[in-house]
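Visitor: I would like to learn how to read salt bridges and helix geometry in a model. Please start with a charged residue.

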Amino acid sequence: MRPAPAVLHPSSPATSDTRPHWRDTFASLRVRNYRLYVISQVLTNTCGWMQRVAQDWLMLSLTGNVTWVGLTVTLQLAPMLVFGLFGGVVADRFDKRKLLMITQSLFALSALVLGTLTLTGAIEPWHILASAAFLGVATVVDNPARQAFVPEVAGHQHLRNAISINSTVFQLGALVGPALAALGIALVGQGWSFVVNSMAGITAVALLVAMRASELSAAPAISRSRGQLREGLRYVGDKPVILWSVVMVGFVALTGINLATVLAAYADDVFDIGSAGYGLLNSCLAAGAVAGALASTRRRSLRLRTLVYSAGVLGLLQVLAGTIAWLPLFCLVLIGVGAASLLYLTGGNTLVQTAVAGTMRGRVMALYILVLFGAQAGSGTLIGWIAHEYGAHAAMIACGAGPLLGAVIVGAVLARKSRLTTRLILRDRPGRGVLYVVPRDAVPPAAVSLTPGLLSRGLRGRSRPTHPAERRRRRQPRAVPGRAVRPHPHGDRASTRSGRPR
């Protein structure tokens, strides 16, 4: 049994401060098992997005009512929101690789049935609804098992890099999958998108089988007992790094990362660029997300306060985007929003994964996913209502409210608990002043009394004297044995034997 990861202080780094070399950007891909896992993720993510688009379009073409499309999405998300925590318990009890084999087989079977019904012309709306509900139930176990499997297949040494690559793969799938689905629908119809996704699921199962079990860093499976769900929740409550990461992701997901409705409103009402322009805006967001996911592999360290800063930056960028009415500049800021959102999400996932014990990973990640998905599900209606009542600009500004509010609230709580204060450093870097967050005990009492918790100068353990007499006293030369000091002819300024000011 491998030791559980050390619990991190809220201000402690989650990783080493050494910046990786450029050739280590994809270091986790050197692990054979993880390479197989990434290939399976590329296939299932891309083809899964193809099926999602084809499924929604097929339902719309069969019913002519967008409400049925919304019902399909609800049936696919509802099981995760209701039973997601129990899925985490299952992920902790059983071998995660075998669980993923089962869930991928179920996904492939469902896609094959749906594709066969579509190609034969026997498809009915209730078939799509039943398939969505079936997929939702399988996702309850698949999502926490997939998240908890990453440290086992990549190893803790490459965990941060592996999570970043996973995020990149997901965003690439979100970018490429819908485009392939649109091409496939135009050429051969919706049915073949389901068949292709079924083949991707079968291939993913084969790749999981091909992994070398001896090279997996598998956490020991827990035995079945009562109260394991409560135990997981209690564990989260006792670990500040995990608890505040989960709280922060709830704030960010509530309004900050669900931009589909807002971008549709911008494409239709603000810029009048139609469906092609809507695709352009989503592509800008996805391109920024890919850049952010790749940049996250270059992080030197990760702290809980880093999540607070990242959420604040994300909120500010969204507020800035809400004030822009010129399409090229809006696209540029949108790329920044995509990068900031992925840097935040990758950082939160990494911080939780590195702080949790192996026997608790399934339950903790289930809670993390539940909060992430649940907040997104609740935000769609809220942001849509704001966009309808007050316009796209107001909706985009409202999107920034969640991350900003989370950064302020969680940042204030952490600062109070850890007795942190801001400190303006003016002399440790020539020509630059930088605002730091440091322990309150590190700030000299004189500086704190002068400007409570805000301003001090230098790193030398003393505050700047304010009284003229005190400044003159500090400028007096110190007596050095065997060295004569000549008084300066112009008053209290001291000089050395060379005549240079001391």
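Guide: Lysine 96 is buried, at a relative accessible area of 4%; buried means under 20%, exposed over 50%, partly exposed in between, with a 1.4 Å probe and protein chains only. This is a predicted model, where local features need pLDDT of at least 70, side-chain atom pairs count only at pLDDT 80 or more, and totals for chains, interfaces and linings use all residues. Residues are numbered from 1 along each chain as its sequence is written, and side-chain values use heavy atoms, without hydrogens and water.

Visitor: With which residue does lysine 96 form a salt bridge?

Guide: Side chains of opposite charge can pair when their charged atoms come close. Here lysine 96 pairs with glutamate 152, the closest N and O atoms being 3.3 Å apart (a salt bridge is a side-chain nitrogen of Lys or Arg within 4 Å of a carboxyl oxygen of Asp or Glu). The pair links distant parts of the chain, 56 residues apart: lysine 96 is in helix H3 (residues 96-119) and glutamate 152 in helix H4. Helices are DSSP runs (H or I, at least four residues), numbered from the N terminus. Glutamate 152 is buried too, at 5%.

Visitor: How many residues of H4 are buried?

Guide: In H4, 24 of 30 residues are buried.

Technical notes:
Helix = DSSP H or I, 4+ residues; strand = E, 2+ residues; numbered from the N terminus.
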